[in-house]
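This briefing describes how the elements of a protein chain pack against one another. Please read it with the sequence and the model in view.

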Amino acid sequence: VQTGNQRMGNQFPTPPADMAAAIALFNAAIEIDPLFPPAYQARGNARLRLGQWDQAAADFSAAIELDWYDD
């Protein structure tokens, strides 16, 4: 997840190729541990940057279901 976050960087707009690479890393993290909320949060943030609103909302919902107490 940290590598994916670094891949996204702080630049706006983030190049789509960097976002795709970050999402691939988050997907791999979710495959390894589907109960790890930060992976869903990070993938949701990446999808927000790409304008994938529905998919981002689904990722954020999954993160909330897994950890109610994470702000």
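A residue counts as buried under 20% relative accessible area, as exposed over 50% and as partly exposed in between, with a 1.4 Å probe and protein chains only. The model is predicted: local features need pLDDT of at least 70, side-chain atom pairs count only at pLDDT 80 or more, and totals for chains, interfaces and linings use all residues. Residues are numbered from 1 along each chain as its sequence is written, and side-chain values use heavy atoms, with hydrogens and water left out.

**Overall fold**

- The protein chain has 4 helices and 0 strands, where helices (H or I, at least four residues) and strands (E, at least two) are DSSP runs numbered from the N terminus.
- Along the sequence, the order of elements is α-α-α-α.
- Of the 71 residues in the protein chain, 30% are buried.
- Contact means heavy atoms within 4.5 Å; among contacts between residues at least 6 apart in sequence, 43% join residues at least 24 apart.

- Two packed helices are described by the angle between their axes and the distance between the axes.
- Axes are lines fitted to C-alpha atoms, for helices over the stretch in contact, and angles run from 0 to 180 degrees between N-to-C directions.
- Helix α3 (residues 37-49) and helix α4 (residues 53-66) have axes that come within 8 Å and cross at roughly 160 degrees.
- This angle makes α3 roughly antiparallel to α4; angles under 35 degrees count as roughly parallel, over 145 as roughly antiparallel, 65 to 115 as roughly perpendicular and the rest as oblique.
- The crossing of α3 past α4 is left-handed, a term used if the near helix is turned anticlockwise from the far one by less than a right angle, with right-handed used if clockwise.
- Residues making this contact include Tyr40, Arg43, Arg47 and Leu48 of α3, and Trp53, Ala56, Asp59 and Phe60 of α4.
- The residues of the contact of α3 with α4 comprise 9 nonpolar, 4 polar and 3 charged; Ala, Val, Leu, Ile, Met, Phe, Trp, Tyr, Cys and Pro count as nonpolar, Asp, Glu, Lys and Arg as charged, and the others, Gly among them, as polar.

**Packing of α2 with α3**

- The axes of α2 and α3 lie 9 Å apart, and the two helices pack at an angle of about 160 degrees.
- That angle makes α2 roughly antiparallel to α3.
- The crossing of α2 and α3 is left-handed.
- Among the residues in this contact are Met19, Ile23, Phe26 and Ile30 of α2, and Tyr40, Ala42, Ala46 and Arg47 of α3.
- By class, the contact of α2 with α3 has 9 nonpolar, 1 polar and 3 charged residues.

**Nonpolar cores**

- A nonpolar core is a set of buried Ala, Val, Leu, Ile, Met, Phe, Trp, Tyr and Cys residues joined through side-chain atoms within 4.5 Å.
- The largest nonpolar core has 6 residues: Met19, Ala22, Ile23, Phe26, Ala42 and Ala46.
- Helices α2 (16-32) and α3 each supply at least two residues of this core, and the largest share, 4 residues, comes from α2.
- A second, separate core of 5 residues includes Ala29, Ile30, Tyr40 and Ala63.

**Individual residues**

- Arg47 is placed in helix α3 and counts as buried because its relative accessibility is 15%.
- Not counting residues up to four places away in sequence, Arg47 touches Ile23, Gln52, Gln55, Ala56 and Asp59.
- Ala58 belongs to helix α4 and, at 46% relative accessibility, counts as partly exposed.
- Ala58 and Tyr40 are 18 residues apart along the chain, and their C-alpha atoms are separated by 8.8 Å.
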